[in-house]
Amino acid sequence: MSNVAVSTNKTFSQADEEIISRFVEFLEALVEGDLEKLDEIVLEEFEFKGISGKSQSKEEFLSEIDNGTLDYSTSEILDPTVLFDGDTASLMANVRITAKLREMDRRWISNSAANFQKIDDEWC
């Protein structure tokens with residue numbers, strides 16, 4: 001059973017589903033704390049903005065997951081929208097997140113945007 005859910009009444013195209021599935025894969029890796037998978041999925045240009053509004057590089061973000069500062073437990077994608085422009089796509093959604101941040105239980109909704117690029121017929 002996955003700790004990542006998608007909640008919506010929308011109908012999606014196959015292309016939309018590919019992007020949503022890729023985002024779910026990212027969130028599942030977060031919840032599982034799978035640093036190897038996250039390193040594979042996330043591009044070097046990745047910038048993460050957390051609940052505090054603090055921006056982090058990929059390295060900083062993965063380090064906080066590795067040392068337990070960030071410990072995600074569940075994630076729910078609410079009404080995602082996917083936009084395409086050639087070999088790029090953007091997913092926008094509110095994401096309800098439950099996590100331990102610095103050993104304190106937190107639950108919040110993040111206004112999320114994820115950008116994808118098609119490389120060798122795969123969305124990255």
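This is a dialogue about how to read a predicted model of one protein chain.

Biologist: Before we start, what should I know about the numbering and the model?

Modeller: Residues are numbered from 1 along each chain as its sequence is written. This is a predicted model, where local features need pLDDT of at least 70, side-chain atom pairs count only at pLDDT 80 or more, and totals for chains, interfaces and linings use all residues, while side-chain values use heavy atoms, with hydrogens and water left out.

Biologist: How many helices and strands does the chain have, and in what order do they run?

Modeller: Helices (H or I, at least four residues) and strands (E, at least two) are DSSP runs, numbered from the N terminus. Here there are 3 helices and 7 strands, and from the N terminus on they run β-α-α-β-β-α-β-β-β-β. The radius of gyration is 14 Å, close to the 14 Å that the globule rule gives for 124 residues, so the chain is as compact as a globular protein of that length. That radius is taken over C-alpha atoms, and the rule is 2.2 Å times the number of residues to the power 0.38. Along the principal axes, the C-alpha atoms fill a box of roughly 40 × 30 × 30 Å.

Biologist: What share of the residues is buried?

Modeller: Buried means under 20% relative accessible area, exposed over 50%, and partly exposed in between (1.4 Å probe, protein chains only). By that rule, 36% of the 124 residues in the chain are buried.

Biologist: And what do contacts tell me about the chain?

Modeller: A contact means heavy atoms within 4.5 Å. Among contacts between residues at least 6 apart in sequence, 51% join residues at least 24 apart.

Biologist: How do I check the length of helix α1?

Modeller: The expected span of a helix is 1.5 Å times one less than its number of residues. Helix α1 (residues 14–32) has 19 residues and should span 27 Å; its end C-alpha atoms are 26 Å apart, which agrees.

Biologist: Which residues of α1 are buried?

Modeller: In α1 the buried residues include Ile-19, Ile-20, Phe-23, Val-24, Leu-27 and Val-31. Asp-16 and Arg-22 are also buried. Just after α1, Gly-33 takes a positive phi of about 65 degrees.

Biologist: Where does Ser-75 lie, and what is in contact with it?

Modeller: Ser-75 lies in strand β4 (residues 70–85). At 6% relative accessibility, Ser-75 counts as buried. Leaving aside neighbours within four places in sequence, Ser-75 is in contact with Asn-3, Val-4, Ala-5, Leu-27, Val-95, Arg-96 and Ile-97. One of these, Leu-27, is a buried residue of α1.

Biologist: Is Arg-107 buried or exposed?

Modeller: Arg-107, in strand β6 (residues 104–119), is exposed, with a relative accessible area of 60%. Beyond four places in sequence, Arg-107 is in contact with Arg-96, Ile-97 and Thr-98. The C-alpha atoms of Arg-107 and Gly-33, which are 74 residues apart along the chain, are separated by 17 Å.

Biologist: Which residues have a positive phi without being a glycine?

Modeller: Asp-79 has one of about 45 degrees, and Asp-120 has one of about 50 degrees. Asp-79 lies in strand β4 and is partly exposed, with a relative accessible area of 44%. Asp-120 is found in the loop between β6 and β7 (122–123), and Asp-120 is exposed at 75% relative accessible area.
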